[in-house]
Amino acid sequence: MTALILTGAGLNALLGLALLMLWRQAPQHLYVRYWGWSWILLSGALALGLGLLPEQDGSFGHKLLVGTAAALAMGSMALRTGGARIYRRLSWRRQVWLPIFLLLMGSLMGLAELDHRYAVLAASIYLAVGAWQCAWWLGRGGNSGERFVAMCFVTAGFAHILTPVFDPLGRSAVPHIAGLFVQTTLSLGLMFLSVARAHKEARQQAERFSQLAEHSLQGLLVVQNHKLVYGNPAAKSIYGVTDADLAVSRNLLTRLVPPDQQEAIRERNRLVMADPKARIEWEGGRMTMDGRQIYVRGLSSHIQWDGQPAELMVMIDDSSRQRAVDALLRQAMHDELTDLPNRNFAVERLRQLTRTGSAPFALISADLDRFQLVNENLGHEVGDALLRAVAKRLSLELPVEATLARLGEDQFLVLLEGVAEPQAVQSQVELLLDLLHSPFAVEGAELYVHMSVGVALFPRDGLDGANLLRAADAAMHRAKARAGTAFVFFEPSMKGDSRARLEAEQALGRAIAEQQFVLEYQPKFLSHSRKLCGFEALVRWQRPDWGRVSPADFVPAAERTGQINALGGLILDMAMRQLREWQDLHGRVLSLAVNVSPLQFEDGAFASGLLGELKARGLPATCLEIEITETAAIAHLDQVMPQLRLLRAAGVLCALDDFGTGQSSLTMLRNLPISAMKLDRSMIAPLPEAGASAVVKVTCALGQALSLDIVAEGVETEEQAAAAEQLGCTQLQGYLLGRPLSAEQAGALLADWAGRAA
């Protein structure tokens, strides 16, 4: 009998091993592992609890054997019921079930201490109940296979119950043979259920993935041995491929991939085939079966296809987005008006050209002269049409090695790659300027265009794009300062001049706020008596940590930056304060001439404000003389004339400065409300030469006819003074008679004059 029990136990163990081997094929089916170990534990319980258990003697070895058999039996039942619940996808909470099985195991050990028969009976009942519970879970609502296994569990439960009925110690052959048959049938049924479920799940998973692939908006292609073996509908739609094309797809890849990308495709395939974990993102242009160009973005990875490695490509047709990106890139890099490359393109190209080891090249900055006049007089539509016409002519006529770009408004840029010698660059610049000799027919009008051109050379004038652009612009602005069409090569001194102008402009606002300016006073004398008759206020900028700055440097900067009104107001305020101080000291004062920028006259309240200040300070209007240059008066006549009349009517003296350097007409001189004209030093310096004397004599006669005082500026020798007096100048000013004085020195001179006058 023992041999039969051990044989049955061994067969149960083999069936358990078979279930475990089946589980290894599908590890996700945890219930198969539970059932496999349940059968193995049951075989151990049968062998120890029935086949090898000695007579009850109360020894430690006997108790240990009984405890082990009980643990194996209850462990088998726990795993069997746990497998059934997992199969049915019911919760299997160990914290609930484990105490129950430990309690049952303890009860078996306790009953075995009393009598083996009690323990065998209890174990049979426990195992039967566990089998019937499994039958309930598996059979309820199950299919035919599950119901068959449930019946096997029911039969196994009866086999467990019948064991002590035939023999209280469970050693009867009949129930063991019946139990062995039922257990074998049950094992085969469980194997069938496991295989059937695995196949069902695999089929469902395959169907799900097939549906996902068939309905996916992403294209899926499988390439094996450089041949397309699968394409989902989305991929076929992307490329215009049919099932018939896939059937003869030996050369299909070469048709879909441009020739210049086929080597990259083969290299990517090699990498994917060599590495099962490979995931390579890619994008690029592709061709459809009907020859259209598309842009595809995808991911390649390694898969197994029919047991062989293959490349899976997941992709989308990104053509519309790429077209939008290309359009945005073109918009970012091209000028919409002229369709030329723009500043962004030029900066990027310069960055590429100035890399280490790059070949020399020339950068030409070209700006249309007086283009704003076209916009102001003919309208911006004509101006835009003219820019398009200029761009078109230059694009067509410039050599192929020249890259033309528009930087903005009326400024163009020409990159001459491979041209580095100044002589060669000069010939190209001359060609550029020659292209503008012919007029442009724009909106029914013929317009002539002139350019000012600046040239910078790489690497001589800069090692990066930003410095080269600044150098070319500095040279172009120097060319603009010259009359007519001109071109200038960059020189290092231009950078210093430009930086100095920038620094002066930036510091000027602080200087005005902190009143860093001082006035010096150059005396004027009557020509016939050499007596003091007035002063001219000369402004100086006492710049901290810099020294004294000439007005020739900072006044133009103030006019460019719009700070001339603040600066002019400060100078007038300083002059009137000094006049008030002298008035208080000496009782009366001589006239003080102050230079006024024509831009100050753009303020319609300038004259009335100045008169109000004089009145508020208690100063007579005749103590102040306003000087304005001849050129400025002509250029801003509409703003200057009304306000000069207002000042002159109130008694303020007005003088035309630097006379002889502009183009005044006799009519304008007659109409200007001035009291004096100052002859520029360029007219006085040649005296007493005959030619210069004749010009001064005629000018003085003109001034006398208009009842004007005539001031000779820049008198430095006695010969010049005598000649100026003889020719008709009424006042003299210059280093011969008096250099610019400080306020204290001028006050002392004024005190001496006041004493003599008294």
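Cysteine 152 is tucked away: its relative accessible area is 8%, so it counts as buried. Keep in mind that this is a predicted model. Cysteine 623 is buried as well, with a relative accessible area of 2%.

Five strands make up an open sheet with mixed pairing, in the order 7-8-6-11-12. Strand 7 (402-408) and strand 12 (486-489) are the edge strands, each pairing on one side only. On average, neighbouring strands here are turned by 20 degrees against each other, direction ignored.

Strand 11 (residues 451-458) pairs with strand 12 in the parallel sense, over four bridges. Serine 452 stands opposite alanine 486 of strand 12.

## Helices on the sheet

Helix 13 (residues 343-353) lies across strands 6, 7, 8 and 11, and runs at about 25 degrees to strand 8. Helix 15 (residues 380-397) also packs on the sheet, where it touches strand 6, strand 7, strand 8 and strand 11. The direction of helix 15 makes about 165 degrees with that of strand 7.

## Around alanine 692

Alanine 692 belongs to helix 26 (residues 690-705). Is alanine 692 buried or exposed? Its relative accessibility is 15%, so it counts as buried. Leaving out residues up to four places away in sequence, alanine 692 touches Met683, Pro686 and Leu687.

Technical notes:
Residues are numbered from 1 along each chain as its sequence is written. This is a predicted model: local features need pLDDT of at least 70, side-chain atom pairs count only at pLDDT 80 or more; totals for chains, interfaces and linings use all residues. Side-chain values use heavy atoms; hydrogens and water are left out. Helices (H or I, at least four residues) and strands (E, at least two) are DSSP runs, numbered from the N terminus. Buried means under 20% relative accessible area, exposed over 50%, partly exposed in between (1.4 Å probe, protein chains only). Contact means heavy atoms within 4.5 Å. Two strands pair if DSSP finds at least two bridges between them. Axes are lines fitted to C-alpha atoms, for helices over the stretch in contact, and angles run from 0 to 180 degrees between N-to-C directions.
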